[in-house]
Amino acid sequence: MRTFFAPLAVLCCVTAASFPHGSCLAESDSSSPKQSIDSREAILLDASPTALFQQVRTWVSAALEMSITHEIQFEAVADLAEYAGVDLPTDGNERGIFIEGEKGWQIFVREGLPTPLLLEVIAHELAHAWQAGNCPGLQRIDLKEGFAQWVACQLLKELGFSKEYTALEARDDFYGESYRLVRDLEKGHGRDGLIKILKEID
Ligand SMILES: [Zn+2]
């Protein structure tokens, strides 16, 4: 079993105050999925985490051309460690987890996250799911986590969550350093070049 972790506690503290809990994106019934998520005006109350997960998955596929065809079980849960079935290494600060294991592919996020952080965590974990299908040889943790943060940042930028993506870009930790590494790779090589590097590097 391989697991990936996203300890985002610091960012959560910074960002949660600006946005009311429970404000979420509308469910999409559109044949043009990107349209449903590319505006802050699409943000409405009462969308469930599962509805948001579907929205972000559709957006990642359409906007970043990162199609994930594998079935993924998604759930917002109170206790990530219980669902992960493994010891989590970062003091309970994890906000999301992707599991590629005996039960198939699973993404769990901590319930009750403010919407921008929930969206960020979902995008981060979906990036890990995409990596599982497209970069099976990738071992570099900095590239794995940096790319997941880069995908999350693209979504926050798309939605205009400027405080949140500014904080993500400036994080003074492994996730911030890894993000900036991947951002610079994308600047230098373009998105396609970045994807190529991720697929070819060990
Ligand atoms: Zn991660």
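Is Gly133 buried, partly exposed or exposed, and how many other C-beta atoms lie within 10 Å? Gly133 is partly exposed, because 14 other C-beta atoms are found within 10 Å; the class is defined on C-beta atoms placed from the backbone, a residue being buried with 20 or more others within 10 Å of its own, exposed with 12 or fewer, and partly exposed in between. The model is a predicted one, in which local features need pLDDT of at least 70 and side-chain atom pairs count only at pLDDT 80 or more, whereas totals for chains, interfaces and linings use all residues. Residues are numbered from 1 along each chain as its sequence is written.

The chain contains 7 helices and 6 strands, where helices (H or I, at least four residues) and strands (E, at least two) are DSSP runs numbered from the N terminus. Along the sequence these elements follow the pattern β-α-β-β-α-β-α-β-β-α-α-α-α. Of the 202 residues, 39% count as buried. Among contacts with a separation of 6 or more, 69% are between residues 24 or more positions apart; a contact requires C-beta atoms, placed from the backbone, within 7 Å.

Strand S6 (residues 104-110) is largely enclosed by the rest of the structure, because 5 of its 7 residues are buried. Strands are taken to pair if DSSP finds at least two bridges between them. S6 pairs with S4 in the parallel sense over 6 bridges, and Gln73 has Gln106 in S6 as its bridge partner. Strand S5 (residues 94-101) runs antiparallel to S6 and is joined to it by 6 bridges, with Gly96 opposite Val109.

Helix H2 has 15 residues and spans 20 Å from its first C-alpha to its last, close to the expected 21 Å, the expectation being 1.5 Å times one less than the number of residues. Its buried residues are Pro49, Leu52, Phe53, Gln55, Val56, Arg57, Trp59 and Val60. Just after H2, Glu65 takes a positive phi of about 55°, although Glu65 is not a glycine. Glu65 is placed in the loop between helix H2 (49-63) and strand S4 (72-77). Glu65 counts as exposed because it has 10 C-beta neighbours inside 10 Å.

The largest nonpolar core has 47 residues, and those with the most contacts inside it are Val56, Ile122, Ala123, Val151 and Leu155. Such a core is a set of buried Ala, Val, Leu, Ile, Met, Phe, Trp, Tyr and Cys residues joined through C-beta atoms within 7 Å. At least two residues each are supplied by H2, helix H3 (80-84), S5, S6, H4, helix H5 (141-158), helix H6 (162-170) and helix H7 (174-200). The largest contribution, 10 residues, comes from H4. Leu155 is in contact with Val56, Trp59, Leu119 and Ala123, its neighbours within four places in sequence being left aside.

Gly133 also belongs to helix H4 (residues 115-134). When residues up to four places away in sequence are not counted, Gly133 touches Ile68 and His70. The C-alpha atoms of Gly133 and His70 are 7.9 Å apart in space, and the two residues are 63 residues apart in sequence.

Terms used: Two residues are in contact if their C-beta atoms, placed from the backbone, lie within 7 Å.
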